[in-house]
Amino acid sequence: MQRTGHCLCGATRYTITSGAKFGIRCYCSDCRRLSGAGSVAQFAFPEEAVTIEGPLKHHFGTANSGNALDFGFCGDCGSPIMKTTTRAKGLIFVYAGSMEDMDGLPPLRPVFEEARPTWDAPHATRAPEP
Ligand SMILES: [Zn+2]
Ligand SMILES: [Zn+2]
């Protein structure tokens with residue numbers, strides 16, 4: 001099987017040649033800041049199955065746990081593409097929203113849910129019209 005995806009401007013593209021190991025919806029502050037959203041859906045793939053082409057730019061960080069983080073963005077438009085962490089060696093997390101085909105992915109497990117902002121309730125009731 002093969003899965004493809006790309007950033008907002010199209011300069012950064014990737015191909016994934018294996019199924020996802022698992023998926024998470026992460027509510028940590030890093031994910032919030034890199035996305036501007038309350039949480040980020042991402043899927044973990046074996047590192048060797050992911051090929052990224054284009055002007056990928058990296059931001060390196062350290063998690064509260066001490067694990068080293070590598071965030072990959074399109075260097076042209078800034079779209080988040082991938083992340084690796086020394087906590088999950090051999091895996092590459094691909095941000096789900098950049099994928100071309102959304103079929104065949106496992107259900108998401110929430111992580112760092114205690115950090116979820118109140119406005120990002122998973123099944124929020126619709127606010128009344130102003
Ligand atoms: Zn781009
Ligand atoms: Zn996160």
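**View 1. F45 sits buried, with 22 other C-beta atoms within 10 Å of its own.** This is a predicted model. You'll find F45 in strand β4. Leaving out residues up to four places away in sequence, F45 touches I16, S18, A20, K21, V50, L91, I92 and V94. For a sense of how the chain folds back here, look at G23: G23 and F45 are 22 residues apart along the chain, and their C-alpha atoms are separated by 9.3 Å.

**View 2. The largest nonpolar core holds 23 residues.** F45, I81, I92, F93 and V94 touch the most other members. The largest share, 5 residues, comes from β9. In soluble globular proteins, nonpolar side chains tend to be buried together.

**View 3. What does I81 touch, setting aside residues up to four places away in sequence?** I81 touches C7, T12, Y14, I52, L56, G72, F73, C74, Y95 and S98.

**View 4. Three strands make an open antiparallel sheet, in the order β1-β2-β5.** Here β1 (3-6) and β5 (50-53) are the edge strands; each has a single partner strand, so one side of each has no neighbour in the sheet. From one strand to the next, the twist averages 15°.

**View 5. Zooming in on β1 and β2, the antiparallel pairing runs over 4 bridges.** Look for H6, which stands opposite R13 in β2.

Notes: Residues are numbered from 1 along each chain as its sequence is written. Chains are lettered from A and ligands numbered from 1 in the order in which they are written. This is a predicted model: local features need pLDDT of at least 70, side-chain atom pairs count only at pLDDT 80 or more; totals for chains, interfaces and linings use all residues. A nonpolar core is a set of buried Ala, Val, Leu, Ile, Met, Phe, Trp, Tyr and Cys residues joined through C-beta atoms within 7 Å. A residue is buried if 20 or more other C-beta atoms lie within 10 Å of its own, exposed if 12 or fewer, and partly exposed in between; C-beta atoms are placed from the backbone. Helices (H or I, at least four residues) and strands (E, at least two) are DSSP runs, numbered from the N terminus. Two residues are in contact if their C-beta atoms, placed from the backbone, lie within 7 Å. Two strands pair if DSSP finds at least two bridges between them. Axes are lines fitted to C-alpha atoms, for helices over the stretch in contact, and angles run from 0 to 180 degrees between N-to-C directions.
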